[in-house]
Amino acid sequence: MTNEKNYVDLAISDGSEMAAYIALPENLQPNTPAIILIQEAFGVNHHMRNVADHFAKVGYVVITPEIFHRTAPKYFEGPYDNFQAVMPHYQAITNEGLEADLKASFDWLTKQVDVDTGKVFSIGYCLGGRVSFLANAVLPLKAAVSYYGGGIDQIADRAKDLHSRHLFFWGGKDTHISDEAINKTLKSLDEAGKDYINVKISFAEHGFSCNERPSYNKQASDDALALTLAFLQNS
């Protein structure tokens, strides 16, 4: 059940309003790093809120914006076994709208007195993996992470705009994202002279990090999380 107390409402530059889930460390201290956590295609659901809570427990202020807010009801959660139910919202998002959502999320974080404004990161999964790449292009992030981000190749021209290094995770058994798409993304980064780390987990499928999906792989998820935390810590 959604706890409305854990949400904030953000005014977006296009006149819309967006809810965002907030997770805070138990003992919030000054100069705490922060994460913009970006949803899969299924909304800010139970799983995404758990992910946010986990990052908060290890010391990050986390904001998870509802990027379907222009078409979906507040607190929308799409079922993992019915992608058709989320398609209208998935297809309605635009890069311009996402940029406005990301900027509003970043602005909220940087106005929090205990947040270290020089250590704001983005992490995204699935659809959010692509949006995390966009976030790195439009926000002065310390670093960014994309888990199996389908469609990054479609905005590969934004590689030249990346503000910081980027960590990518892909599943070797992912049938949704082709090697051609991955290679196009990496080539754009190489041509732009941007720093990145690329990780392909050979035995993992798409969505391997979500323990509420059939494709969940605990070993791959644990390995990726350990690498993610080290990447953030070292950035």
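Modeller: With Tyr147, which counts as buried at 1% relative accessibility. Buried means under 20% relative accessible area, exposed over 50% and partly exposed in between, with a 1.4 Å probe and protein chains only. This is a predicted model: local features need pLDDT of at least 70, side-chain atom pairs count only at pLDDT 80 or more, and totals for chains, interfaces and linings use all residues. Residues are numbered from 1 along each chain as its sequence is written, and side-chain values use heavy atoms, leaving out hydrogens and water.

Biologist: How do you know whether Phe169 is buried or exposed?

Modeller: Its relative accessible area is 0%, and the limit for buried is under 20%, so Phe169 is buried.

Biologist: What makes the pair of Tyr147 and Phe169 tilted?

Modeller: Rings of Phe, Tyr and Trp (its six-membered ring) pair if their centres lie within 6.5 Å; planes under 30 degrees apart are stacked, over 60 edge-to-face, and the rest tilted. Here the centres are 4.7 Å apart and the planes at 40°, so the pair is tilted.

Biologist: Which parts does this pair tie together?

Modeller: Tyr147 lies in strand β6 (residues 143-147) and Phe169 in strand β7 (residues 166-171), so the linked parts are 22 residues apart in sequence. Strands (E, at least two residues) are DSSP runs, numbered from the N terminus.

Biologist: Which residues do ring pairs link into a cluster?

Modeller: Tyr125, Tyr147, Tyr148, Phe169 and Phe208.

Biologist: How many aromatic pairs does the structure hold?

Modeller: There are 15. In one of them, Phe42 and Phe83 have ring centres 6.0 Å apart and planes at 70°, so that pair is edge-to-face.

How values were computed. Helices (H or I, at least four residues) and strands (E, at least two) are DSSP runs, numbered from the N terminus.
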